[in-house]
Amino acid sequence: DNGRIYFASSDQCVYALDAATGVQIWRSYNPLYETFYVTGSPVLYNGSIYIGSRYGNLFAINASNGTLKWVFRDAKFSMEYATPVIKNDSLFITSAFEVFSSPTKFGALYAIDANSGSLIWKTQVGIGFSHAPIYQDGKLYVSGYDDKLKAIRPNDGSIIWEVANFRGHRPTYGNNLLFLGESLNKNFCAINPENGNIVWQRTGGHFIFNKPLVIDNRGKVID
C-alpha cells in the first residue's frame with residue numbers, strides 16, 4: 001500500500017489515489033448511502049482502512065481494493081470527528097452526539113476489535129467527545145464535554161484518574177508529560193500522565209483547543 005493516498009468525500013465514497021500521479025486506484029461507495037462529512041482522518045492498519053461517519057458508523061475497508069470488510073454501528077451517534085486509534089488489534093474511537101436528537105444526546109468512548117468489528121467495551125456514555133483519545137504507555141487519554149481530562153485503561157475502559165477544566169482539548173504526549181490547553185482559566189498546561197497533576201502552567205488568556213505540536217530535545221516532532 002506504499003505510495004497511496006486515502007480519503008473520504010461528501011459524495012458517499014472513500015478513495016485511494018496514486019500519490020505520485022493522482023490516478024484513482026479504487027473508489028469504495030458507502031453501502032449505507034451516507035455522506036462523509038468527516039473531520040477525522042482514515043487510519044491504515046494491517047491492510048484495512050478505518051474511518052467513522054456522521055450517522056454512527058465505523059467502516060473497515062480493504063486497503064488493496066476498496067471492498068467493505070465490516071461496519072460497526074451505534075444508532076446515530078456521530079463518529080465523524082474522531083480519527084481512530086489502534087493498538088494491539090483494539091480500535092479506540094469516540095462519538096460526539098446523536099444526530100437529530102432533541103434534546104441532544106451525547107456520545108461515548110468505544111473499544112472495538114479491529115479484525116471483526118465487534119464491540120469490546122463502551123464507556124463514558126452520555127459525555128460526548130470532539131476527538132479521539134491518544135494512546136501512550138498502556139493508557140488512553142481523552143477529554144470530553146464534561147470538562148474532564150481522563151486517563152483510561154485500554155483493557156476495560158475504567159478510569160485511572162481524571163482532572164477538571166479540560167473541555168474537549170486533545171493532549172500531546174512528549175518528554176514524559178501531557179501538554180494541552182485548560183478551559184477554566186485559559187491556561188496552557190503540562191500534566192503528569194501518571195496521576196493527572198499539573199506540573200506547570202502558563203497563563204494565556206485565550207482558549208487553546210487544538211492539539212499542541214511538541215518537538216523534543218533532539219528536534220524530533222512528536223504527534
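The model is predicted, so local features need pLDDT of at least 70 and side-chain atom pairs count only at pLDDT 80 or more, while totals for chains, interfaces and linings use all residues. Residues are numbered from 1 along each chain as its sequence is written, and side-chain values use heavy atoms, with hydrogens and water left out.

**The nonpolar cores**

- In soluble globular proteins, nonpolar side chains tend to be buried together.
- A nonpolar core here is a set of buried Ala, Val, Leu, Ile, Met, Phe, Trp, Tyr and Cys residues joined through side-chain atoms within 4.5 Å.
- "Buried" means under 20% relative accessible area, "exposed" means over 50%, and "partly exposed" is in between (1.4 Å probe, protein chains only).
- The largest nonpolar core has 28 residues, and Tyr50, Leu58, Leu91, Ile93, Tyr110 and Ile112 have the most contacts inside it.
- Several strands supply at least two residues each to this core, including β6 (57-62), β9 (90-94) and β10 (109-113); strands are DSSP runs of E with at least two residues, numbered from the N terminus.
- The strand that gives the most to this core is β10, with 4 residues.
- Take Tyr50: setting aside residues up to four places away in sequence, its contacts (heavy atoms within 4.5 Å) include Val43, Phe59, Trp70, Ile86 and Leu91.
- There's also a second, separate core of 12 residues, with Leu149, Leu178, Leu180 and Ile191 among them.

**Aromatic rings**

- The whole structure holds 11 aromatic pairs. Rings of Phe, Tyr and Trp (its six-membered ring) pair if their centres lie within 6.5 Å; planes under 30 degrees apart count as stacked, over 60 as edge-to-face and the rest as tilted.
- Tyrosine 6 and tryptophan 26 make a tilted pair, 5.9 Å centre to centre with 40° between the planes.
- That pair links distant parts of the chain, with tyrosine 6 in β1 (residues 4-8) and tryptophan 26 in β3 (residues 24-29), 20 residues apart.
- Tyrosine 6 has 14% relative accessibility, so it counts as buried; tryptophan 26 has 5%, so it counts as buried too.
- Tyrosine 29 is in strand β3 as well, but at 44% relative accessibility tyrosine 29 counts as partly exposed.
- Phe179, Phe188 and Trp200 form one aromatic cluster.

- Phenylalanine 77 lies in the loop between β7 and β8, and at 13% relative accessibility it counts as buried.
- The charged end of lysine 122 sits over the ring of phenylalanine 77, 6.0 Å from its centre. To qualify, NZ of Lys or CZ of Arg must be within 6 Å of the ring centre and within 35 degrees of the ring normal.
- Phenylalanine 77 and alanine 96 are 19 residues apart in sequence and 6.6 Å apart in space, C-alpha to C-alpha.

**The four-stranded sheet**

- An open sheet of 4 strands runs in the order β16-β17-β18-β19, with antiparallel pairing; two strands pair if DSSP finds at least two bridges between them.
- β16 (172-174) and β19 (198-203) stand at the edges with a single partner strand each, so one side of each has no neighbour in the sheet.
- Strands β17 (residues 177-181) and β18 (residues 187-191) pair in the antiparallel sense over 4 bridges.
- Phenylalanine 179 has alanine 190 in β18 as its bridge partner.
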